[in-house]
Amino acid sequence: MQQDAAPAAGPRDQDIVELLRGGAVEAAFGRLVERYERKVFRLCCSLLRDPDQARDAAQEALLRVWKALPKYDQRASLSTWIYTITRNRCLTAIERRRDLDSLSDPAVERELESVRTVAPEAAQDHLAVLRELVEALPERYRRALTLFYYEQRSVEEVAAMLGLPEGTIKTNLHRARAMLLARVRSLGLGDPAFWLEAGA
């Protein structure tokens, strides 16, 4: 069973795995931070939508990675393992800030599913309006689209970061694009292809 685990680490991170096998945990963590620190922070930004909270969550996630690194068993790839820890820290942060007294769960769900209206008069700055439209997407679509287009992650990496199947990410990206196109058309803001290129 342990023999099958090694390939899961992925050739990209094999150097880190070799350092861990040799007991060089500090060196392994140093290399891990160089490779993943920005990705961890960007994932936190995508999930939390608040740079200060994202910074705190990223630091907490990396601290947890450091503490757990000697026990990393390679059953999942290193990147998936790191993103899972990061995602869990973000979910904890979201739970902390959720005001259960003022918002019921159905109300939260409706808020995530709704798309805010962007006034046509705000269309002077195309990129600003595009960002508003993206921010107004339901959460699951916004996260996938932000990581894929703005952060230029592959579908595989977005799936690992969000802990979802690749097929779900592809579906969410398709629906996000469709919603953006419909919104742009309804506001009469010109050729939708321009918007998608501007935001890519």
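## Exercises around helix α3

Glu157 is buried, as its relative accessible area is 18% (buried means under 20% relative accessible area, exposed over 50%, partly exposed in between, with a 1.4 Å probe and protein chains only). The model is predicted, so to speak of local features pLDDT must be at least 70, and side-chain atom pairs count only at pLDDT 80 or more, while totals for chains, interfaces and linings use all residues. Residues are numbered from 1 along each chain as its sequence is written, and side-chain values use heavy atoms, with hydrogens and water left out.

**Exercise 1.** Find which side chain meets Glu157 in a salt bridge, and where the two residues lie.

*Solution.* Step one: the partner is Lys39, at 3.2 Å from N to O (a salt bridge is a side-chain nitrogen of Lys or Arg within 4 Å of a carboxyl oxygen of Asp or Glu). Step two: this pair links distant parts of the chain, with Lys39 in helix α3 and Glu157 in helix α9, 118 residues apart (helices are DSSP runs of H or I, at least four residues, numbered from the N terminus). Step three: Lys39 is buried too, with a relative accessible area of 12%.

**Exercise 2.** Work out how α3 and α9 pack.

*Solution.* Begin with the geometry: the angle is about 70 degrees, and the axes are 11 Å apart (axes are lines fitted to C-alpha atoms, for helices over the stretch in contact, and angles run from 0 to 180 degrees between N-to-C directions). That makes α3 roughly perpendicular to α9 (65 to 115 degrees; under 35 is roughly parallel, over 145 roughly antiparallel, the rest oblique). Next, list the contacts: Lys39, Leu43 and Leu47 in α3 meet Glu157, Met161 and Leu162 in α9 (heavy atoms within 4.5 Å). Finally, look at α9 as a whole: seven of its eight residues are buried.

**Exercise 3.** Describe how α3 packs with α8, and which residues meet.

*Solution.* First, the angle is about 150 degrees and the axes are 9 Å apart. That makes α3 roughly antiparallel to α8. Second, Arg42, Leu43, Ser46 and Leu47 in α3 meet Glu139, Arg142, Arg143, Thr146 and Leu147 in α8.

**Exercise 4.** Trace the salt-bridge network that includes Glu139.

*Solution.* Glu139 sits in helix α8 and Arg49 in the loop between α3 and α4, 90 residues apart. Then widen the view: Arg49, Glu135, Glu139, Arg142 and Arg143 are linked in a network of salt bridges.
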